[in-house]
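The exercises below ask the reader to work from the coordinates towards a description of local surroundings, ring pairs and overall fold. Each task is followed by a solution that goes step by step.

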Amino acid sequence: EKALAIKPDYAEAHNNLGIALKDLGQLDASVKNYEKALAIKPDYAYAHYNLGFIYQDLGQVDDSIKQYEKAVSIKLDYAEAHHNLSYLKKFTENDSQITLMQSLLSTSDPSQSDRIHLCLALAKANEKLGKQDEFFEFLHEGNRLRKEEINYSFDKDQNLFSIVKKMFKTPKSLSYEASTVRPIFIVGMPRSGTSLVEQIISSHHAVYGAGELDTLSNLITPILKDYLTHNKNELTKKAFLSIRQQYLDALSCFNVPENVITDKLPLNFRFIGFILLAFPEAKIVHLKRDARATCWSNYQCFFTNKENGYSYNLDDLAGFYGLYVELMDFWHQLFPGKIYDICYEDLITNQEEETRKLLEYCELDWDENCLNFHKNPRAVKTASALQVKQKMYQGSSEVWKKHEAYLQPLIKALSSY
């Protein structure tokens, strides 16, 4: 804002202000800033891309495609724009975008990050054209490079899960001053239906859907590190009080009239012990979905968050799924009756019945809007943004069967779940 006060025609500052406003959830103001940037500099590829990204979050597919196409026409080697566009557009045989992406991969020397985006975009294009061999060739390569880029180690996750179990071996109960804000945590494996459930609950008149918040993870990570370095035996009430106060302060920054706020970071399932001790009044909704459908969906998803590093290798993925199942069993034994399990497949076949039970658990009265969740205008900033803007549909848990021949090691590893 200071830069723009000095130089109002500073296109880059308008674009960056748009990014900051988007992160604050002020989407209309964000769009206006991108549009101002483009009015000053019409061939500004990054501003076209950012505008496309917001339209995608809002479910405005045609507008999003137009902006991504514009970005790519200005900057031919814009790998991220190619990648996002590949999810939205329909491809034809001999599509010029496919030819361009293949040529960028083979003749230019893209960075590792660009190479990943191009491989995954070509995977998506080939999948849409029904070319299975090419689809898997590019998908495996893109994922291999991504795992390498973020330097993922399965041992680290294994270690984290065992430390968390040690910390909560002996349950305790704590009480606090009542808070005016009540959080609902929606957890489970990523791609298990958490976005859908948040869209349903946040369509209720008394609920604000805050999306995927990394607040809790940011508060707990230093405590875990401290616990490890000082080899402590138990957590103090002071630690839980600190988590509680800082987390509730972060929620109050949304400045919304609703006093029930959803937080749907799926991987918060790792921290259920912290949640139940710091927020005894919180509700925890745990999504369960067919293991093969969930893992297949993870494998073909590009996550910006490095914490999802297990998803880029089929062995890591099956191993992580096992850790998740064991940890959820552990939490259920430790906190009986405190975690509400909802099955994704049941929800999509018995929408009203499951929605009624869900709202009852959350101590919310019935609201018809929850059945028409697809009409909710809120932006969804996850990989499921487009799905939750549609009516409930069935069959997504069967999609992996089309690729069964290519997924044998994964299917075998998941057979006990």
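**Exercise 1.** In which loop is His204 found? Describe the surroundings of His204 as well, including its burial and its contacts.

*Solution.* The model is a predicted one, and the steps below should be read with that in mind. Begin with the secondary structure: His204 sits in the loop that runs between α11 (194-202) and β2 (207-209). Next, take the accessibility: the relative accessible area of His204 is 3%, so the residue is buried, since the cut-off for burial is under 20%. Finally, list the contacts beyond four places in sequence: Leu359, Leu364, Asp365, Asp367 and Cys370.

**Exercise 2.** Is Ala210 buried or exposed, and which residues does Ala210 touch, not counting those up to four places away in sequence?

*Solution.* Locate the residue first: Ala210 belongs to the loop between β2 and α12 (215-230). Its relative accessibility is 17%, and Ala210 therefore counts as buried. Once residues up to four places away are set aside, Ala210 touches Glu198, Phe254, Ile261 and Thr262. For a distance across the chain, take Ile339, which is 129 residues from Ala210 in sequence; the two C-alpha atoms are separated by 20 Å.

**Exercise 3.** How many aromatic pairs does the structure hold? Classify the pair Phe185 and Tyr247 and the pair Tyr340 and Tyr361, and place each of them in the fold.

*Solution.* The count of aromatic pairs is 29. In the pair of Phe185 and Tyr247, the ring centres are 5.5 Å apart and the planes stand at 35 degrees, so this pair is tilted. Phe185 lies in strand β1 (residues 182-187) whereas Tyr247 lies in helix α13 (residues 237-252), and the pair therefore ties together parts that are 62 residues apart in sequence. Both Phe185 and Tyr247 are buried.

Turn now to Tyr340 and Tyr361, whose ring centres are 4.9 Å apart with planes at 15 degrees, so this pair is stacked. Because Tyr340 lies in strand β5 (residues 339-343) and Tyr361 in helix α18 (residues 351-361), the pair ties together parts 21 residues apart in sequence. Tyr340, at 16% relative accessibility, counts as buried, and Tyr361 is buried with a relative accessible area of 15%.

**Exercise 4.** Which ring face does Lys237 lie over, and which does Arg356 lie over?

*Solution.* Lys237 lies over the face of Tyr176, at 5.2 Å from the ring centre. Arg356 lies over the face of Trp366, where the distance to the ring centre is 3.9 Å.

**Exercise 5.** What radius of gyration does the chain have, and what would a compact globule with 417 residues have?

*Solution.* The chain contains 19 helices and 5 strands. A compact globule with 417 residues would have a radius of gyration near 22 Å, and the chain has 22 Å, so the two agree. The C-alpha trace spans about 60 × 55 × 50 Å along its principal axes. Among contacts with a separation of 6 or more, 72% are between residues 24 or more positions apart. Buried residues make up 53% of the 417, while the chain exposes about 19,700 Å², of which carbon and sulfur atoms supply 50%.

How values were computed: Residues are numbered from 1 along each chain as its sequence is written. This is a predicted model: local features need pLDDT of at least 70, side-chain atom pairs count only at pLDDT 80 or more; totals for chains, interfaces and linings use all residues. Side-chain values use heavy atoms; hydrogens and water are left out. Rings of Phe, Tyr and Trp (its six-membered ring) pair if their centres lie within 6.5 Å; planes under 30 degrees apart count as stacked, over 60 as edge-to-face and the rest as tilted. Helices (H or I, at least four residues) and strands (E, at least two) are DSSP runs, numbered from the N terminus. Buried means under 20% relative accessible area, exposed over 50%, partly exposed in between (1.4 Å probe, protein chains only). A charge sits over a ring if NZ of Lys or CZ of Arg is within 6 Å of the ring centre and within 35 degrees of the ring normal. The radius of gyration is taken over C-alpha atoms; the globule rule is 2.2 Å times the number of residues to the power 0.38. Contact means heavy atoms within 4.5 Å. Accessible areas come from the Shrake-Rupley method with a 1.4 Å probe; for residues, only the protein chains shown count as cover.
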